[in-house]
Amino acid sequence: MASITILSAVIFSIAVLSSADFVTVKCHSSIGYAGQPSKLHCVLKTEESPEIEQVFWRYEDNVVLIVKDDAETEQGRFKLADAAWRTSKDISLLVGHTKISDQGRYGYTVVTNMGITTGETRLDVKATYSQPVTTYKLDKDEKKVDLTCTAKGGYPKGAIHWFDGHDTNWTRGAQTTVTEEADKSFTLHSTYTSADASYAPYRCVVFNSEWKEEGKESVELDITRISKLSSSVETKHIAAGVVVIGSLICGLLVALLICKRRSQNALRRPSTQPMLRLEHQDYFDPPDPEEGKELKMEADKDVEPKSL
């Protein structure tokens, strides 16, 4: 290993001094996924047809691959992606069983019969979070519930959001911790306490660093308990509605009764004595004294005295 490092340093030093401008390598950054092979794409580009003699790949300060005299000195999981690299001029590096720790910048040195060229490219690594695992615990009154959700093995940092049965986002009321593991992956753990049990089922949704959904899990609470809670809430709402409607109806009836009584009283007030017809008014007038005397004198004239 020491000899490889020394040889690499010598080659890099020579490359700086004798690099040929007409020998270039075109690379572009690559994205790999943890647990899968990753490829760093690099191809020699030139108008001439140079013969590749040696290829060196390094990661940070460590040489990971040396190709010389048709023989590859592999360093663990690293090798050239194209077996026919001499003719294809493809010096792409293949990383087997990619790890998160493989993320970073990679340097290459290509020695040809026309000169030496060096350069760098980058590998970014992503890891998918595991399917979330959820737990719950109802309180004594069975009206509130504490929820937990855990997702592991993801990279870069992600997030956990909580949704209820009506798709309302309750994440603001939750607490989420992010823990970096030994392999540089992250574990997400979220706790949402004192959630309203009547809003179940709740969903734990895991998002990656690009805010794309990677997993979700529903928290199904005890159906019997939740149905009781829902029935209780519905009963309260119905009772409240009945009370309000009943009060309105009673108020209207009282108002109508008061208006009716006022109307009847208004009709009776103009006359407090019995109403009499005009043709019967003579029978109730007091007799005239003078008229009575005249009637008596006429009666005396008509009566003749009897003879003895």
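1. Cys149 and Cys204 form a disulfide, with their sulfur atoms 1.8 Å apart; the term is used here for a pair of cysteine sulfur atoms within 2.5 Å. The torsion about the S-S bond of Cys149 and Cys204 is about -70°, so this disulfide is left-handed. The pair links distant parts of the chain, since Cys149 sits in strand S12 (residues 144–154) and Cys204 in strand S16 (residues 202–207), 55 residues apart. Strands are DSSP runs of E with at least two residues, while helices are runs of H or I with at least four residues, and both are numbered from the N terminus.

2. A word on the basis of these values: this is a predicted model, in which local features need pLDDT of at least 70 and side-chain atom pairs count only at pLDDT 80 or more, whereas totals for chains, interfaces and linings use all residues. Residues are numbered from 1 along each chain as its sequence is written, and side-chain values use heavy atoms, with hydrogens and water left out.

3. On the accessibility of this pair, Cys149 counts as buried because its relative accessibility is 0%, and Cys204 is likewise buried at 0% relative accessibility. Buried means under 20% relative accessible area, exposed means over 50%, and partly exposed lies in between, with a 1.4 Å probe and protein chains only.

4. A search of the whole structure finds two disulfides, and the other one joins Cys27 to Cys42, with an S to S distance of 1.9 Å. Cys27 belongs to strand S1 (residues 24–28) and Cys42 to strand S3 (residues 38–45), so the pair ties together parts that are 15 residues apart in sequence. The link of Cys27 and Cys42 is right-handed, with 125° about the S-S bond. Cys27 counts as partly exposed at 28% relative accessibility, whereas Cys42 is buried, with a relative accessible area of 0%.

5. When the bonded cysteines of the protein chain are numbered in sequence order, the pairing reads 1-2, 3-4.

6. A separate point concerns Leu94, which lies in strand S8 (residues 93–95) and counts as partly exposed because its relative accessibility is 22%. If residues up to four places away in sequence are not counted, Leu94 touches Pro37, Ser38, Lys39, Arg77, Phe78, Lys79 and Ala81, where contact means heavy atoms within 4.5 Å.
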